[in-house]
Each structure stands twice: as structure tokens, then as C-alpha cells.
Amino acid sequence: MTQNLGCSTFLVRHAWLALRGVVAEALVQHDLSVAQFASLLMLEEVPGLSVADVARKVSTARQSANEMLGGLERAGLVERRPHPSDRRTQQIFLTDAGRQRLAEAVPTVQAVEARLAAGFTADEIAVVNAWLQKMTEVTDAGEEIPTI
């Protein structure tokens with residue numbers, strides 16, 4: 001077992017990488033990557049995000065996000081529309097097919113999370129989720145945060 005040594009950053013990173021791998025395997029059946037799934041989730045929650053917004057939220061470069069969104073667009077899962085007040089920016093929206101694919105994939109991801117959370121109490125999970133949410137809020141200043 002790895003010692004924490006007072007630095008949660010690397011534990012969170014290690015957990016994320018392990019979780020990402022398991023979730024990626026589960027999402028194969030829905031023909032989605034983890035980044036695509038996350039993007040669909042975000043676009044359902046906040047329709048009309050720009051490519052730059054999506055890039056920040058999935059911690060990737062704008063070019064990578066644009067390519068990933070292009071794949072989702074070619075699959076008919078998202079559509080781009082001109083921004084009403086900024087002609088250089090496009091807004092991204094889920095299509096009906098995107099909402100359907102997301103609705104089918106969410107239970108799969110939830111089942112993975114439930115399997116991985118087995119053995120933890122609801123209170124323990126609530127504390128971890130609250131900590132992760134708070135960490136996200138205090139570090140989300142609208143700028144790209146470099147990954148480790």
C-alpha cells in the first residue's frame with residue numbers, strides 16, 4: 001500500500017487513472033471514450049458550451065477537444081451552432097441521438113462506480129464527493145489547469 005505522506009494530489013491522480021481505465025473499458029460498448037462521455041455529460045448540463053469551454057472542463061488542449069467534438073459531430077451526437085454574439089465562436093449542443101447515447105451510457109458508468117465503491121458507507125462516499133466537489137470549485141478559475 002502506498003503511503004499518503006500528506007499529499008493527496010498523487011492519490012487522486014492514481015485513483016483517477018485507475019478509474020479512467022475501468023470506465024474506458026465499460027464505455028467501449030457505447031462506442032464512447034471517457035472524454036466523449038464527459039463532454040456529453042457537460043453538454044447536457046450546460047448546453048451551448050464552446051470548444052474552449054469543453055477543452056478546459058476535460059483538461060485537454062483546444063485542438064484535441066475540437067477533434068474529439070468533431071468525432072461526436074460526425075457520429076450525430078452533437079451539433080455546432082454559431083454563437084449569437086461572437087461570430088468567431090461556435091456553441092456545441094447535444095442532438096437527440098447524443099442524449100440517447102448518454103442515457104444509455106450513464107447506467108454503465110454508475111454500475112462501475114457502484115462496484116468500485118462497494119465496502120464504503122454512504123457517509124464515506126458523501127465526504128469524498130464533497131471534498132472532490134470543493135476542490136473542483138476552488139481550483140476552477142476558468143483557466144486551463146495543467147495536468148500532472
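Me: The expected span of a helix is 1.5 Å times one less than its number of residues. What span should the 13 residues of helix α4 (residues 62–74) have, and how far apart are its end C-alpha atoms?

Reply: This is a predicted model, in which local features need pLDDT of at least 70 and side-chain atom pairs count only at pLDDT 80 or more, while totals for chains, interfaces and linings use all residues. Residues are numbered from 1 along each chain as its sequence is written, and side-chain values use heavy atoms, with hydrogens and water left out. At 1.5 Å a residue, the 13 residues of α4 should span 18 Å, which agrees with the distance between its end C-alpha atoms, namely 18 Å.

Me: How many helices and strands does the protein chain have?

Reply: Helices (H or I, at least four residues) and strands (E, at least two) are DSSP runs, numbered from the N terminus. Read from that end, the elements of the protein chain follow the order α-α-α-α-β-β-α-α, and the secondary structure therefore comes to 6 helices and 2 strands.

Me: Which elements do the buried residues of α4 pack against?

Reply: Buried means under 20% relative accessible area, exposed over 50% and partly exposed in between, with a 1.4 Å probe and protein chains only; by this count 26% of the 148 residues of the protein chain are buried. Within α4, the buried residues are Ala 65, Met 68, Leu 69, Gly 70 and Leu 72. Taking contact as heavy atoms within 4.5 Å, these buried residues of α4 pack against α2 (34–45), α3 (51–57), β1 (78–82) and β2 (90–94).

Me: Is α1 parallel or oblique to α5?

Reply: Axes are lines fitted to C-alpha atoms, for helices over the stretch in contact, and angles run from 0 to 180 degrees between N-to-C directions. Helix α1 (residues 8–27) and helix α5 (residues 96–117) pack with their axes 10 Å apart, at an angle of about 140°. Since angles under 35 degrees count as roughly parallel, over 145 as roughly antiparallel, 65 to 115 as roughly perpendicular and the rest as oblique, that angle makes α1, relative to α5, oblique.

Me: Which residues of α1 and α5 make the contact?

Reply: On the side of α1, the contact is made by Leu 19, Val 22, Val 23, Ala 26 and Leu 27, and on the side of α5 by Ala 105, Thr 108, Val 109, Val 112, Arg 115 and Leu 116. With Ala, Val, Leu, Ile, Met, Phe, Trp, Tyr, Cys and Pro counted as nonpolar, Asp, Glu, Lys and Arg as charged, and the others, Gly among them, as polar, the residues of this contact of α1 with α5 comprise 9 nonpolar, 1 polar and 1 charged.

Me: Is His 30 buried or exposed?

Reply: His 30 lies in the loop between α1 and α2. Leaving aside residues up to four places away in sequence, His 30 touches Arg 101, Glu 104, Ala 105 and Thr 108. Its relative accessible area is 12%, so His 30 counts as buried.

Me: Is Asp 31 buried or exposed?

Reply: Asp 31 is likewise placed in the loop between α1 and α2, and it has a positive phi of about 55° although it is not a glycine. Its relative accessibility is 61%, so Asp 31 counts as exposed.
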